[in-house]
Amino acid sequence: MGDFKINGVTPTNIQLNSMDVQKIYNGSELVWPPSTPSGQVEICNLIWTDTNSNETELIAGGNIPILTNQAAWYSAWQAQTPAACYVDFDLNNSSYGLIYNYWARTAVKPPTGFRLPTSNDFNTLANSPCFT
């Protein structure tokens, strides 16, 4: 997929002779407007959600506990038990999404159509020329 940018920024509105431009192609490939669905963003040809996760459903059934203090977080870590918490263990920070511990990464059921990013995904981001 092409990536149309002006001075490093993907434009939101383009006009030509005071008329709105509907689409821009590079050959037969649509490069603008971005074809990524709302709520998602494309980075280096990978599609990512642009919202933080609040998923608590476990793949094996049930729900992951949402911990409310550092002692419980440490206990879950020591027991190698999947767990999550809000920033500063404060429910008022729920808009930031949940923070998951190491063991939750493979236990929490991802939303439909999503998956856990792989090390290859992160390597693509870290080593991709799309950031230069």
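A contact is taken here as a pair of residues with heavy atoms within 4.5 Å. On this basis, in the predicted model, residues 24 or more positions apart account for 41% of the contacts in the protein with a separation of 6 or more.

The secondary structure comprises 2 helices and 9 strands, and from the N terminus on these elements follow the order β-β-β-β-β-β-β-α-β-β-α. In overall dimensions, the C-alpha atoms occupy a box of roughly 65 × 30 × 30 Å along the principal axes.

The protein carries 5 positive and 10 negative side chains, and a distance of 8 Å separates the centres of the two sets.

At the local level, strand β3, formed by residues 24-26, runs antiparallel to strand β4, formed by residues 29-32, and the two strands are joined by 3 bridges. Within this pairing, N26 has E29 of β4 as its bridge partner. The hairpin of β3 and β4 has 2 residues between the strands, and in this hairpin G27 adopts a positive phi near 65°. As a general point, the side chains of a regular strand alternate between the two faces of the sheet.

Notes:
Residues numbered from 1 in each chain as written. Predicted model: local features only at pLDDT ≥ 70, side-chain atom pairs only at ≥ 80, totals over all residues. Heavy atoms only, no water. Helix = DSSP H or I, 4+ residues; strand = E, 2+ residues; numbered from the N terminus. Lys, Arg positive; Asp, Glu negative; His and termini not counted. Charge placed at Lys NZ, Arg CZ, Asp CG, Glu CD. Pairing = 2+ DSSP bridges.
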